[in-house]
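This briefing goes with the sequence and structure shown below.

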Amino acid sequence: MMSAKCPDCDSNLEISGDVVEGEILSCPCCGLELEVVKVNGDSVELQELVIEGEDWGE
Amino acid sequence: MHVLKACCKLEMIKMVKVGVIGGSGYVGGELLRLLLFHPKVEVTLVTSDKYAGEYVFTVHPNLRGVAQLKFVPLNIQNIKDNCEIVFTAVPHGAAVKLVPKLLDLGLKVIDMSADFRLKNPDDYPKWYGWRHPCPELLKEAVYGLPELHREELKNARLIACPGCMATATILGLAPIIKEGLIDRDKIIVDVKIGSSGAGAKPSLASHHPERFGGVRAYNVINHRHIAEIEQELNLLSISPVKVAFTPHAVNMVRGILATIHGFQTREITMGDVWRAYRSMYGTEPFIRLVKYKKGLYQLPDPKVVIGTNFCDIGFELDPRANRILVLSAIDNLLKGAAGQGVQCFNIMMGFDEKIGLEHPGFHPV
């Protein structure tokens, strides 16, 4: 298991050792969706998942 | 078989004989509902002068088939002979006359009224309009909020259970007061409460045509619970706390939502707020931090805690107004009264404090 901090609520997240870059996780404490942006040995870098909305025009 | 019997006998020896004094009100009814299913309690006596001789299910119909208990009149000798611990669920002003006699009998008392909540005797004329006849007991009584007074509760002889709106407010504010995240003398608390908070005795205010459909602010600047809220928050604060508190009677039977507005003392992040609440409540069995980004119930709602001993607390930062918004939801009859009383009882007796209180609420309700 690896650990990381939720960037919003600061809770400790336990992350499975087989996590891969691009995987989407959900913080069990605040529900924030997080994207795994980097896996480097025992460290995991997460950032809030941002989904671009389609541009429907105005 | 013999072993089994021996075990059963041992369990019976461990049962605590509990009496409920004033068992006909809503708090008394909820105490009975919890205690009758508590694995370490034998309810030996329930008093009500008004309903003496009647089965308890006459007044509390949800207990039909659960117990064949009958209400008995208040009789000190009867209490002495049948109880080790008593819950007093009598009106404010009546408990103060009764509790000293019960303590003199050697009983432990968990009082649901306001009569022993305030530490300063001078606060009673100010907030309740009468002089306290036994101020020495105010020093001894432990304010029955486990999240703040767990260690003192273990050795208590007299527990004063907090007011329902005070419980929601204190629990909502305690971490950010303790961490100094908000101005301590500029706090606004807006409470919505269901009709059961007014008790079982009817009045014009509880009359259906008057109550139904209304949102009625009452005691808008001087509600009695302010005294205990400030008393308890001052224990956590380096400077006096001042709370502007306004309750509203709303169209629910049960439940309280306290909407609390604090104003930041410095620039803070959501992580700071989470850390403050997690640091104080991370291991608390009946506090849930509810600030979730998915689903319908992303913040506390009393509907979700009805029938439970949980206090759900959520928060949000409002940088535009320099505000921390806190929402605190409880069932006024459970975490706000009977449930909290049983939690205190468990702590006082050295039991797991969750016993008899672990059930989640209904959904939908």
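How far apart do the C-alpha centres of domain 1 of chain B and domain 2 of chain B lie? They lie 26 Å apart. This is a predicted model, in which local features need pLDDT of at least 70, side-chain atom pairs count only at pLDDT 80 or more, and totals for chains, interfaces and linings use all residues. Residues are numbered from 1 along each chain as its sequence is written, and chains are lettered from A and ligands numbered from 1 in the order in which they are written.

**Domains of chain B**
- Domain 1 covers 2-161 + 337-349 and domain 2 covers 165-330, with bounds from an automatic or database domain assignment.
- Contact (C-beta atoms, placed from the backbone, within 7 Å) joins 16 residues of domain 1 of chain B to 18 residues of domain 2 of chain B.
- On the domain 1 side, α5 (123-127), α7 (146-154) and α13 (338-349) of chain B each give two or more residues; helices are DSSP runs of H or I, at least four residues, and strands are runs of E, at least two, numbered from the N terminus.
- The largest share of that side, 3 residues, comes from α13(B).

**Backbone geometry**
- The peptide bond from B:His363 to B:Pro364 is cis, with omega near 0°; B:Pro364 is in the segment after α13 of chain B.
- A:Asp10, a residue other than glycine, has a positive phi near 70° and sits in the loop between β1 (2-5) and β2 (12-15) of chain A.
- B:Asn219, also not a glycine, has a positive phi of about 40°, in the loop between β8 (216-217) and α10 (225-234) of chain B.

Technical notes: Two residues are in contact if their C-beta atoms, placed from the backbone, lie within 7 Å.
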